[in-house]
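Please keep the sequence and the model at hand while reading.

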Amino acid sequence: GAVVSQHPSRVICKSGTSVKIECRSLDFQATTMFWYRQFPKQSLMLMATSNEGSKATYEQGVEKDKFLINHASLTLSTLTVTSAHPEDSSFYICSANEGPNYGYTFGSGTRLTVV
Amino acid sequence: AQSVAQPEDQVNVAEGNPLTVKCTYSVSGNPYLFWYVQYPNRGLQFLLKYITGDNLVKGSYGFEAEFNKSQTSFHLKKPSALVSDSALYFCAVRDIKNTGFQKLVFGTGTRLLVSP
């Protein structure tokens with residue numbers, strides 16, 4: 001079945017630095033990818049939707065300049081957390097959709113800790 | 001907007017007993033409903049989905065869900081629970097934004113604890 005690879009699985013960075021998280025669809029082309037954030041013991045919050053070759057669509061309240069999303073190819077989307085702060089520490093999960101009548105495949109998530 | 005509700009934060013069941021994790025939905029139009037499972041520090045794994053067809057949907061790991069239009073429910077079930085089924089379960093509905101993008105809207109999740 002469809003596989004989405006997310007890397008890194010865990011990252012610790014210093015406050016003020018930037019971190020890039022990659023999300024790759026391994027055996028299918030993902031025209032649309034989604035980035036979620038999950039707080040402890042809470043549900044997934046959609047941050048943005050990215051379409052290959054166009055600008056990402058951000059959900060209300062998500063800072064575009066802080067969470068940069070690039071979907072440069074049909075198999076790769078990246079999320080860059082810029083000038084990270086401790087409050088950005090969270091679990092980030094990407095998801096890819098093959099098309100309108102297909103399911104959604106999730107990456108294994110990235111645990112970001114900003115110290 | 002489409003939404004799903006999971007009324008139980010946690011469900012406890014003994015191994016070998018049947019389990020039910022509840023989900024109700026609110027949609028305009030035909031619902032596309034999903035169940036996912038999440039193990040600690042992992043992404044979500046797809047269990048099953050309902051788009052159309054039979055109301056009883058069979059999925060992975062012996063799980064099934066029943067689509068009930070009159071009750072607007074999509075409860076997840078398994079006849080005999082395993083300790084390894086202990087995890088966080090999410091119900092989700094597909095929402096189509098006015099931009100044409102499709103996204104999943106998740107419920108708040110239900111933690112399932114299966115005791116030996």
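The model is predicted. Within chain A, strand 9 of chain A and strand 11 of chain A, the latter covering residues 110-114, pair in the antiparallel sense over 3 bridges, and in this pairing A:Tyr92 stands opposite A:Thr110 of strand 11 of chain A. Strand 10 of chain A, made up of residues 104-106, also runs antiparallel to strand 9 of chain A and is joined to it by 3 bridges, with A:Ser95 standing opposite A:Phe106. A further antiparallel pairing, over 7 bridges, links strand 9 of chain A to strand 4 of chain A, residues 32-38; here A:Met33 has A:Ala96 of strand 9 of chain A as its bridge partner.

| Partner strand in chain A | Residues | Sense | Bridges |
|---|---|---|---|
| Strand 4 | 32-38 | antiparallel | 7 bridges |
| Strand 10 | 104-106 | antiparallel | 3 bridges |
| Strand 11 | 110-114 | antiparallel | 3 bridges |

Are the two faces of strand 9 of chain A covered or uncovered? In a regular strand, side chains alternate between the two faces of the sheet. On one side of strand 9 of chain A lie A:Ser90, A:Tyr92, A:Cys94 and A:Ala96, on the other A:Phe91, A:Ile93, A:Ser95 and A:Asn97, and all of these residues are buried, so that both faces are covered. Because 8 of the 8 residues of strand 9 of chain A, residues 90-97, are buried, this strand is largely enclosed by the rest of the structure.

Turning to chain B, the secondary structure consists of 12 strands and 0 helices, and along the sequence the pattern reads β-β-β-β-β-β-β-β-β-β-β-β. A compact globule of 116 residues would have a radius of gyration near 13 Å, and the 14 Å of chain B therefore agrees with that expectation. Taken along the principal axes, the C-alpha atoms of chain B fill a box of roughly 45 × 30 × 25 Å.

Of the 116 residues in chain B, 47% are buried. When contacts in chain B between residues at least 6 apart in sequence are considered, 54% of them join residues at least 24 apart. The accessible surface of chain B amounts to about 5600 Å², and 48% of that surface belongs to carbon and sulfur atoms.

Technical notes:
Residues numbered from 1 in each chain as written. Chains lettered and ligands numbered in written order. Predicted model: local features only at pLDDT ≥ 70, side-chain atom pairs only at ≥ 80, totals over all residues. Heavy atoms only, no water. Buried < 20%, exposed > 50% of the residue type's maximum accessible area, 1.4 Å probe, protein only. Helix = DSSP H or I, 4+ residues; strand = E, 2+ residues; numbered from the N terminus. Pairing = 2+ DSSP bridges. Rg over C-alpha atoms; globule rule 2.2 N^0.38 Å. Contact = heavy atoms within 4.5 Å. Areas by Shrake-Rupley, 256 points an atom, 1.4 Å probe, with all protein chains shown as cover.
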